[in-house]
Amino acid sequence: MTENSENIILEHLKRFQVGQDRIERKLEEFMRRISNLEGVQASIIQHLGHLSAAEAQQQVASDGFNLRLERIERRLELV
């Protein structure tokens with residue numbers, strides 16, 4: 001009886017080990033996927049920063065054009 005119960009316990013422990021291995025593999029897969037998502041997120045944030053900088057440069061250029069247009073209008077007495 002003791003040997004039989006030891007075998008049953010060993011079988012249960014083996015099943016637990018198999019289940020734990022499967023969980024660990026899934027966890028590693030999820031960690032890789034999260035790392036990939038974080039990399040993509042960082043790339044998107046960087047791209048948004050570049051877009052904001054480009055928009056700011058365009059606004060500066062537009063302001064410069066407006067100032068030049070106002071000076072031209074004043075010189076030609078169009079205002």
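**A guided reading**

Guide: Glutamate 77 lies in the segment after α1. The model is a predicted one, in which local features need pLDDT of at least 70 and side-chain atom pairs count only at pLDDT 80 or more, while totals for chains, interfaces and linings use all residues. Residues are numbered from 1 along each chain as its sequence is written, and side-chain values use heavy atoms, with hydrogens and water left out.

Visitor: Is glutamate 77 buried or exposed?

Guide: Buried means under 20% relative accessible area, exposed over 50%, and partly exposed in between (1.4 Å probe, protein chains only). Glutamate 77 has a relative accessible area of 70%, so this residue is exposed.

Visitor: What is the phi of glutamate 77?

Guide: Glutamate 77 follows α1. Its phi is positive, in a residue other than glycine, and the value is near 55°.

Visitor: How far apart are the end C-alpha atoms of α1?

Guide: Helices are DSSP runs (H or I, at least four residues), numbered from the N terminus. The expected span of a helix is 1.5 Å times one less than its number of residues. The 74 residues of α1 should therefore span 110 Å, and this agrees with the distance between its end C-alpha atoms, 108 Å.

Visitor: How far apart in space are arginine 25 and glutamate 73?

Guide: Arginine 25 is placed in helix α1 and counts as exposed, at 52% relative accessibility. Arginine 25 and glutamate 73 are separated by 48 residues in sequence; from C-alpha to C-alpha, they are 72 Å apart.

Visitor: Which residues make the nonpolar surface patch of about 430 Å²?

Guide: A patch is made of residues with over 30% relative accessible area and no salt bridge, with nonpolar side chains (Val, Leu, Ile, Met, Phe, Trp, Tyr) joined within 5 Å and like charges within 9 Å. A salt bridge is a side-chain nitrogen of Lys or Arg within 4 Å of a carboxyl oxygen of Asp or Glu. Leucine 13, found in helix α1, is partly exposed, with a relative accessible area of 47%. The patch is made by Ile9, Leu10, Leu13 and Phe16.

Visitor: Which residues gather in a patch of positive charge on the surface?

Guide: Lys and Arg count as positive. Arginine 71 is located in helix α1, which covers residues 2-75, and is partly exposed, with a relative accessible area of 41%. The residues of this positive patch are Arg68, Arg71, Arg74 and Arg75.

Methods. Accessible areas come from the Shrake-Rupley method with a 1.4 Å probe; for residues, only the protein chains shown count as cover. The place of a charge is taken as NZ of Lys, CZ of Arg, CG of Asp or CD of Glu. Helices (H or I, at least four residues) and strands (E, at least two) are DSSP runs, numbered from the N terminus.
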